[in-house]
Amino acid sequence: MMKKSVNSEPALAPRRRWLPALTALAIGIVALATACSGGDEPGAPDPEASTVTLRLNIAAVDPAGDEGSRAEFEPEASVREMMRTLRIIIVHADPADKSRKVVEFNQFWDLAGEAGADDQTKIAASATKEINVYAGDQGEEFDMKDIYVIANEHAHYSGYTHSAAGQDDGSDLLLAGIDLSNAKYCSGTHLDDAALAALEQLTFSMDKGKDMLGLVPMAEHHQVKVRRPKVDALGHMVDKEQAVSLFLTRVLVKVTVNVVNNSSGPLELTGYRLTNMAPAGYLFPYRTEYSPAKAECQTETTIAPREITAYAIPAGQQLYQFERTFKVLPATATPAEREDPYAFEALPAGKSRTLPAVYLPESQAEAGFGINLSLFGEFRDVPKVLEGLDKLPRNTHLIIDVTVQDNLGMTINAVILPYIGVNLEPGFGI
């Protein structure tokens, strides 16, 4: 947030009537951590506090096309999977009482709106924010920050923007029920152990009757040491400006099903089911371990690929069977009927089809996962088990290849790909 009076509107980048497609857009805004004011806007900083300018270089992890992790049928995926909104919440030990935590900063940015980007325009694969933060009292070497970064928190099931299908009351929001605003986490708000645990274990539930068609939410929780400035032997102030690299991971697992018709006749693809899926997930990664370790990213100029090696999902869930159905289009279908992404003509012999991707919460199942394909309006009696898979971590892409034979027998091959860290160039703002 730019420097401003307490109740002023945040300064926005000049709006453009047209914005060419960009692979990345870095938007740097100086934001001051402060006490609460109305809405989502902090007020003026404490002039007595020891502060430094902390530069946050935030990178979304983007699928690498050469790894086959983005379905070719879905050109809008690169838009959906980029940062169009961003929120940063900073929590640290209360300077007045180190035994408790306090919210130091909470700000929301509409990156796409500030850039004048429409819903089909690629926007940010990374963003840079400069924030004045507390750096500790005399005698302290650093102040430890918990930094919560959230992108695309206003993601709708029905699309990118508010519409007839995307209600303003929040009923169509994927993260409905999760309040991250200053009304809940205002600068100066004290968090006891229970409140801090509640923040770190925020959960969301999928609406089983809807698809996640809009933006893909991303979130991460990082711990960062902000060093207290010192005067060196030459009398120069050191560490008045500091920088840290932080990555975002997608909250969901992307699932793509490819079907190959190896039979001698056309196939009517009428749906599929995925067994043992979790109906709810954590917003922030919980009890999650990364390889390489998360903390090692903070000094990286290019975020290295990271694999999730351990994680937790909300306890007490009844795993369920996700179902997706499709309509069969006649050869005489109208152009309007053909616009339905879930309606297809019969798949000719010898051809293949990539079905529309879905996004689901990360899951774990000791019994593994299975797929049941519907052909000609009927499901198989027994789901085919995805061999060797009992975990589906967030930020991954499950690709299931199904080959159908003459007797409607099926051969299944499944692979789960990690999303690969995007290479950040100077133009990304790093």
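This is a short walk through one protein structure, from the whole chain down to a single residue. The model is predicted.

Start with the overall build. The protein has four helices. It also has 29 strands. Now look at how the chain meets itself. Take contacts between residues at least 6 apart in sequence. Of these, 78% join residues at least 24 apart.

The protein contains 430 residues, and buried residues make up 52% of them. The accessible surface comes to about 19,300 Å². Carbon and sulfur atoms account for 51% of that surface.

The structure holds one cavity of 30 Å³ or more. About 30 Å³ of space lies in the largest cavity. Which residues line the largest cavity? They are Met206, Asp207, Lys208, Lys210, Tyr320, Phe322 and Leu360. Sort this lining by type, and four residues are nonpolar and three are charged.

Finally, zoom in on threonine 396. Find strand 28, which covers residues 396-404. Threonine 396 lies in this strand. Is threonine 396 buried or exposed? Its relative accessible area is 9%. Buried means under 20%, so threonine 396 counts as buried. One of its polar atoms lies 2.5 Å from the backbone oxygen of proline 393.

Definitions and conventions
Residues are numbered from 1 along each chain as its sequence is written. This is a predicted model: local features need pLDDT of at least 70, side-chain atom pairs count only at pLDDT 80 or more; totals for chains, interfaces and linings use all residues. Side-chain values use heavy atoms; hydrogens and water are left out. On a 1 Å grid over the protein atoms alone, a cavity is a set of points where a 1.4 Å probe fits but cannot get out, and a pocket is an open set with protein on both sides within 12 Å along at least five of seven lines; lining residues have an atom within 4 Å of a point. Grid points are joined across faces, edges and corners, and a volume is the space filled by probe spheres set on the points. Ala, Val, Leu, Ile, Met, Phe, Trp, Tyr, Cys and Pro count as nonpolar, Asp, Glu, Lys and Arg as charged, and the others, Gly among them, as polar. Helices (H or I, at least four residues) and strands (E, at least two) are DSSP runs, numbered from the N terminus. Buried means under 20% relative accessible area, exposed over 50%, partly exposed in between (1.4 Å probe, protein chains only). Contact means heavy atoms within 4.5 Å. Accessible areas come from the Shrake-Rupley method with a 1.4 Å probe; for residues, only the protein chains shown count as cover. A polar contact is a pair of N or O atoms within 3.5 Å; within protein, one must be able to donate a hydrogen and the other to accept it, and residues adjacent in sequence count only if both atoms are side-chain atoms.
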